[in-house]
Amino acid sequence: MQMTITKVAAVAAVTFALSLAGPAGAQSPTDLNIGNFLDVTSWDPSLADIGFDGPYMSAVYDPLVALDADGKILPALATTWTYSDDLLKLTMDLRTDVKFSDGEAFNAQAAVENLEHLKAGARSGEAYVNVAAFKAVDEDTIEIDLTKRDDSMLYLMGLGRSYMASPAAIKAGTLTTTPAGSGPYVLDDGMSIPGSEYHFTKVADHWDSATYPFQNIAVYPILDATGRHNAMLSGQINVNFADPLNIEQAKQMGWTINSAVSAWVGLQFVDHTGEHLKPLGDVRVRQALNYAFDGAAILNSIGAGDGVVTNQVFPAGRQGNDPSLNALYAYNMDKAKALLAEAGYADGFDVTMPMSPIFAQWQPVADQTFKELGIRVTWDDMQMPDYQINAPKYPMFITLIAMDNDPAATLARQVETVQWYNPTPQYATVPELKSLVEAAQSAVGDDQIAKIAAANKALTEMAWWSVWYQANNTYFSTPDIAVTPVTGMMFPTLRFIQPN
Amino acid sequence: MIAFIAKRLAAGLILLVAVSVGTFFLAHAAISDPTVSLLGTTATPAQREALALKLGLDRPLVEQFWNWARHAIVGDFGVSWRNFQPVGKLIAIKLPVTLSVVTFATIITALVGTIFGMVAGLHPNSAFDRAIKAISVVLFALPGFWVSLVLVVWFAIQLKWFPAVGYVTPNQSLGGWLRSITLPAVSLALGAIVVVAEQLRNEVIAVNKQDFVRTLRSRGLSSWQVNVHILRNASPAALTVLAVMFVSLLSGAIVVEAIFSLPGIGQLTNSSSQIGDIPVLLGITVVSVVFVVIVNFLLDIALGWINPKVRVK
């Protein structure tokens, strides 16, 4: 017995010693190891979240259309597309050389079944709210009939709302846990550990193989920013969703650093008409709340300076954004107080606002600013899911709202359509805004971009929001890999991660 | 003995029911509408209502609890609201990760804590004893997450002996598995070692002064044999502390699992809490309580084996 224990101990010791001798994270130029912020929401494209699911979904699924870094629509499974003259019918030609991982063929009927599945999806359905019907015209052509013109649909499809899955898997209801797509990689179940790491191996004869040069891909969902950074330092990952606090060290390490604005931070006004909080119905009060917040100081102290100071919800450097407006509400507390006094609120007013742990980092600066203005705030504390339900029931609330690359989508999601943060779009209550938004909705091409920019100017001048700054999403990668950030994707899809 | 076991089981059952009821109603009170986090903010009210119907959230809370409890009695904890996977299966995947780390941490704690406690207790006020005390104060003062990060910086980033994050199953690689759980286990063990060592040291000092030890020595037993007797008499308190540590390490693993990105029960608890996946939370609660009951039961048996005076007649 003594001998056996000794032998077992010796074997264990040798095994342990040998394991120590192995490389901590073998890398090769053909391996891409991503440190992501979140685990995959679901392998079902109708339930997946565009946010951080990009690397997972783009590995195993092909979309009908994709986006380039500027938000331009790119062909994928749909090779060409045309709108009818009235913009109410979209016709798409499809590839004919694609099979799903379970052997099923991709064709027009499969595309229609997928689109119907996506339209019914709780998360993906937002892309298809204006769709009346999907039709298979022939083996490789589909039609999408719209109830009204929708300038955001193709953009949302490219963003991650048109991933095609095997119709058999959709019918079987197995997609939640087992992906079945036609993507450039397949999930390696044997190597993957749900919740910890997902390994993908390259499909040998994928139709778009050149866009996906890495042979092996691993995605590690690591919620803790320090854990992700340590994984990068130790060589386990070579692409990381970064914490801006680590940018200096990343420079010292010689890593590639890429950033793009992703979300705006500030006050979302819900009650522009003053129905529930009379002062907010006065544009001077809203403007005062723009002058009063020192966006640059907030960005530096809370956002580690990783972002752009602006008063607009249209992403900096993108169409629709007007850089000349950025100085419109330069920090000026005296002017803010004067505007409040002019509106009849020299002594401030009372307001109740929601608060959640996620937004608590901005609470002290908000408290301080409101106090200087004489505004007395009562905070209602709640958890994040409750915040998303209840915050829009308050006249205004602190928020961080994701932005879109596409100006028409920005106008739609920030102004026109019902969203959790904008339950009752109120632009139509202001005649000038109504006409500008409607003009933008009916225009096309460059004319539409110009009209959207005009609407943005009016919205900003009317202080439709109090935007403090636009926060960046930042990615670190080893020098041999380049990441192209895309506004609208919290983590870019795999086509935006390439060898240098 | 049978009566003792029956009493222990009954107490465990009462604890299980009480904790399950508490968890169920507290979770429902904390999460007003789980469908929002489950379906996202883009879901329509109709889609949320349909999911609520599917999950049975439209029924009275007492009825929901009864439906859960009558299935749980036969080992069916229902399905996760997030992905409709059986809760039992999810826990079965995650539990080995946490148990690996916690068991390894407990073994390290027991071995190192015993050595430190014995040496310090047999040589009170020696340099070693004072060093152990000093280390105890330092390790107690340092936050566990900070110690974890220091270990990562030294052993994962600088020396590259261990991975900074992630878990490898024993099936994939036995060596990889050992490497993946070593730093988390050491992180958990460091704080526990000093508690066990300190407890054992004090007991060893007390036992060493007793008459029977002097008698053993006067009868010519070797120091090693005498020390075995001292350890056996001094260990019950340390063993009790170790058992309590095992249970607390199970819950403490949530921080270590986050730092080392381990897909264990702690991570499952964290993610399920955030989205309001109540069936998973209840399943984890039941398993945790069962572990508490089992550990306490094993502790009673171990104490009886070590010290026959406390055996149940």
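Let's start with the architecture of chain B: its secondary structure comes to 12 helices and zero strands. Keep in mind as you look around that this is a predicted model. If you read along the sequence of chain B, the pattern is α-α-α-α-α-α-α-α-α-α-α-α. Taken along the principal axes, the C-alpha atoms of this chain fill a box of roughly 85 × 55 × 35 Å.

How do the parts of the chain meet one another? Take the contacts in chain B between residues at least 6 apart in sequence: 74% of them join residues at least 24 apart. Of the 313 residues in chain B, 36% are buried.

Helix H6 of chain B runs over residues 127–141, which gives it 15 residues. From its first C-alpha to its last it reaches 21 Å, close to the 21 Å expected at 1.5 Å a residue. Is H6(B) largely buried or largely in the open? A residue counts as buried if 20 or more other C-beta atoms lie within 10 Å of its own. By that test the number buried among the 15 residues of H6(B) is one, so the helix lies largely in the open.

Now turn to the place where the two chains meet. Here 41 residues of chain B are in contact with 37 residues of chain A. On the chain B side, helices H2 (34–39), H7 (144–158), H8 (174–208) and H10 (223–259) each supply at least two residues. Which helix gives the most to this side? That is H8(B), with five residues. Sorted by kind, the residues on the side of chain B that touches chain A are 23 nonpolar, 15 polar and three charged.

Next, look inside. The largest nonpolar core has 189 residues, and those with the most contacts inside it are A:Leu64, A:Met164, A:Ala288, B:Val101, B:Leu188, B:Ala192 and B:Leu249. Over in chain A, domain 1 (31–255 + 478–499) and domain 2 (261–473) both give residues to the core, so it lies between them.

To see this packing up close, find B:Val101. Leaving aside residues up to four places away in sequence, B:Val101 touches B:Ile181, B:Pro184, B:Ala185, B:Leu188, B:Ala253, B:Val256, B:Leu262 and B:Gly264. Finally, there is a second, separate core of 15 residues, which includes B:Val87, B:Ile265, B:Leu268 and B:Ile284.

Notes:
Residues are numbered from 1 along each chain as its sequence is written. Chains are lettered from A and ligands numbered from 1 in the order in which they are written. This is a predicted model: local features need pLDDT of at least 70, side-chain atom pairs count only at pLDDT 80 or more; totals for chains, interfaces and linings use all residues. Two residues are in contact if their C-beta atoms, placed from the backbone, lie within 7 Å. Helices (H or I, at least four residues) and strands (E, at least two) are DSSP runs, numbered from the N terminus. Ala, Val, Leu, Ile, Met, Phe, Trp, Tyr, Cys and Pro count as nonpolar, Asp, Glu, Lys and Arg as charged, and the others, Gly among them, as polar. The expected span of a helix is 1.5 Å times one less than its number of residues. A residue is buried if 20 or more other C-beta atoms lie within 10 Å of its own, exposed if 12 or fewer, and partly exposed in between; C-beta atoms are placed from the backbone. A nonpolar core is a set of buried Ala, Val, Leu, Ile, Met, Phe, Trp, Tyr and Cys residues joined through C-beta atoms within 7 Å. Domain bounds come from an automatic or database domain assignment.
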